[in-house]
Amino acid sequence: MNERRMLGSDQELLDEHYEKVIAEESVCISDNLVYGKPETLTSTPMHYCPGCGHGVAHRLIAEVIDEMGIQEKTIGVAPVGCAVFAYNYFDIDMSEAAHGRASAVATGIKRVLPDRYVFSYQGDGDLAAIGTGETIHTCNRGENILIVFINNGIYGMTGGQMAPTSLVGMKTTTSPFGRDTHEMGYPLKITELIAQLPGVYYCSRVAVNTPVHVRKAKKAIYNGFKYQELNKGLSFVEIVTNCPSNWKMTPVESNKWLEENMIPFYPLGDLKVPKKEN
Amino acid sequence: MKELKLMKGNEALAEAVIRAGCDAYFGYPITPQSEVLEYLSKEAHARTGMVVLQAESEIASINMVYGAAGTGKKVMTSSSSPGISLMQEGISYIACAELPCLIVNVVRAGPGLGTIQPAQSDYFQAVKGGGHGDYKLIVLAPATIQEMVDHVKLGFELAFKWRNPIMILTDGALGQMMEKVELFPQIPRSFEIFEWATTGKRKERERSIITSLHIQPEKMEEINIHLQNKYRAIEKEEIRYEMRDCEDADIILVAFGLTARICRKAAELAKEKGIKVGIFRPITLFPYPYEVLNKLAGNTKMFLTVEMNAGQMLEDVKLAINGKADVEFLGRMGGIIPTPEEILLKLEEINQGVLQNE
Amino acid sequence: MAKVKGDIVIDIEKCKGCELCASACPQESLELSRKLNSKGYHYIIKIEDNCTGCTNCALVCPDSVIKVYRRTEKSSEKVATITNVTGDLTVKVK
């Protein structure tokens, strides 16, 4: 066990100590840093459960904001659901919307501040159940914003109830015998629905369960912000993710379950990409 | 030079919105106020560059207002009763997040889908909350189209002074009728950037968060106390009312908005019959002029509240008078406007009772 | 001492021990500690010195607790890094 890695949370102190001790041998010098927490992410520890995909999704958004250098011009909209505290983690101006209304709030912000980058961050209950109307109309108007849609097929914050995107047969606290389509309808592929709308410029489904998927997810989020910069209209990025606590699995198991069950039903990839301009 | 025009209530209000330097309007069509959205759609953008957006619902409208108001812009919406009911969740959020905005309710009769005819049955909803939690709107009740115009300007001023949502509570009759108005000159749109607003976090300041979520009860109580203190201060500073012939009146009519106009005619008729009738008209429904009304109950022992509802402001009149005098009520519901004659009849009946008792 | 290609620094106080990094590490060099951090989580530690600096662990970490370093051509030119001043001071000898 390596003692030098257990000094505490103060990264700078840790780095300094680390470098002093083994300055010449160490790889851990700032020139060699290839991956670290983005600046737009605050140092507040996240309230999410261990292994929850929200954290990765947050980090990717923050990384893109950092890389594009748009921290001072970005305004985020947090949903109701697990990500209700998202504004604690992004070092940007943020507005906390009522349940399902994030895209309407984002519309309001973008319309009066058209030169700012506006994104909403919403879960499946927020975006695909209570806020379906706002979501579809915001997309259909082609608001020049980015919507990040976190789909884990369950209500996390309220304790594991069935979501519109819960898979058939999936056991939740309100579908304790599994989602029965006769009684409870079918999982809603809202992203497929949204991709049909002419106001939507870019629509993609990604995941964050493996390093490869994380890289692709970041690219999709980058595209969303970039198209907004170019005034192209609405970008919609669905991130299929896990909910270890409410799926009642370990984080590693949940990512495996996601790969075997969620992704086959919610296939990853671009649903709508801009036509090549000649 | 005075700019006088003959205008329909809703259109005059919309004209005032443009002239007040409003930055954005979000709304959804509903009778009897659709002319506001129509007028703005036609006029506003070309004249001041203000944003006018027809939303997919009142729920979306009020949340667009929430988002835009959070940026420190002058924003508003308008609707009529059922639409305002749909907005209540958003209004509660706006009140808690202390965002300035203007909400116009051109009231129609309820409950339910009701009718498109005018009513005053949203008094409780406007004054006593409407949405969840302890919050207050500053409620302005215009009685003329001139006042509808002036209240738009005043409303925006109060909204930013107190960082509080303002409601103009008018009705379908005022919205639809035509009257001569004097328009105020165009106020240029302000591009002031507020520290508290979400405009993009600049390096020199902390990030702005617009939220009504405070999960620690101690913090949430602190927020509530802060709001209540603000409402007490508003009660001290912003009470507005109008009094007519109240000093030596036998009976004082208490009415707001449209009914106050009808009461004026009824008072004239009563004067011809030898009954001395005063009129007390609250202009702000929150803050309500309790004290003034209470003082009036020193001389006058009989009050008649006239409303286009089942007796909503009546409760505040009774609270104000607090047993010092008798309070009678005349109300019409379902979109019926009381006539001066029926008010006169009621006045005569009350007067007879007073004489008999003497 | 063998040339180290990569290395990581873990903010153990913020680690929630979800082990996603361990399952993503191609070198199998991460493991949960038996000790607990102040939040009561077993935190992740590096048990092997075979890190290649591939960043997989940091990519999947939901709490951004992992910093990844990788030796680059640029840094191999250095002979010393002095850190008792503000920031790094690199001395190059020709």
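The domain assignment of chain A comprises domain 1 (10-39) and domain 2 (41-272). In this predicted model, the centres of domain 1 of chain A and domain 2 of chain A, taken over C-alpha atoms, are separated by 33 Å. Chain B is likewise assigned domain 1 (3-237) and domain 2 (242-357). Between the centres of domain 1 of chain B and domain 2 of chain B the separation, again over C-alpha atoms, is 29 Å.

The two domains of chain B touch one another, with 26 residues of domain 1 of chain B in contact with 22 residues of domain 2 of chain B. On the domain 1 side of this boundary, two or more residues each are given by α5 (123-127), β6 (138-140), β7 (165-171), α7 (172-176) and α8 (217-237) of chain B. The greatest share on that side comes from α5(B), with 4 residues. By residue class, the side of domain 1 of chain B that touches domain 2 of chain B consists of 18 nonpolar, 5 polar and 3 charged residues.

Along the principal axes, the C-alpha atoms of chain B fill a box of roughly 75 × 50 × 40 Å. Of the 358 residues in chain B, 53% are buried. Among contacts in chain B with a separation of 6 or more, 79% are accounted for by residues 24 or more positions apart.

Contacts between chains were examined next. Of the 2 pairs of chains that touch, chains A and C have the most contacts. Chains B and C are joined by no contact, and their closest C-alpha atoms lie 20 Å apart. Between chains A and B, 32 residues of chain B are in contact with 29 residues of chain A. The elements of chain B that each supply at least two residues to the side touching chain A are β2 (24-27), β3 (51-54), α3 (58-69), α4 (81-96) and β9 (209-210). Of these, α3(B) gives the most, with 8 residues. The side of chain B that touches chain A divides into 14 nonpolar, 11 polar and 7 charged residues. Strand pairing also links the two chains: strand β3 (residues 93-96) of chain A runs parallel to β9(B) and is joined to it by 2 bridges. Within this pairing, A:Ser95 has B:Ile210 in β9(B) as its bridge partner.

Chains A and C are also connected through paired strands. Strand β1 (residues 33-35) of chain A and β4(C) run antiparallel and are joined by 2 bridges, and A:Leu33 has C:Tyr69 as its bridge partner in β4(C). Within chain C, β4(C) additionally pairs with strand β1 (residues 6-10) in the antiparallel sense over 5 bridges; here the bridge partner of C:Ile8 is C:Val68. Strand β4 (residues 66-70) of chain C is mostly covered, as 5 of its 5 residues are buried. Burial extends to both faces of β4(C), with C:Ile66, C:Val68 and C:Arg70 on one side and C:Lys67 and C:Tyr69 on the other.

The largest nonpolar core has 224 residues, and those with the most contacts inside it are A:Val148, A:Ile239, B:Val17, B:Tyr25, B:Val139, B:Leu253 and C:Cys21. Not counting residues up to four places away in sequence, B:Val17 touches B:Cys22, B:Tyr25, B:Leu40, B:Met76 and B:Val152. One of these partners, B:Tyr25, is itself listed among the core residues with the most contacts.

A residue of chain A was considered individually. A:Ile263 is located in helix α10 (residues 251-265) of chain A. Leaving aside neighbours within four places in sequence, A:Ile263 is in contact with A:Ala207, A:Val240, A:Leu258 and A:Leu268. A:Ile263 and A:Ile150, which are 113 residues apart in sequence, lie 13 Å apart in space, C-alpha to C-alpha.

How values were computed. Residues numbered from 1 in each chain as written. Chains lettered and ligands numbered in written order. Predicted model: local features only at pLDDT ≥ 70, side-chain atom pairs only at ≥ 80, totals over all residues. Domains from an automatic or database assignment. Contact = placed C-beta atoms within 7 Å. Nonpolar A, V, L, I, M, F, W, Y, C, P; charged D, E, K, R; others polar. Pairing = 2+ DSSP bridges. Buried ≥ 20, exposed ≤ 12 C-beta atoms within 10 Å, placed from the backbone. Core = buried A, V, L, I, M, F, W, Y, C linked by C-beta atoms within 7 Å.
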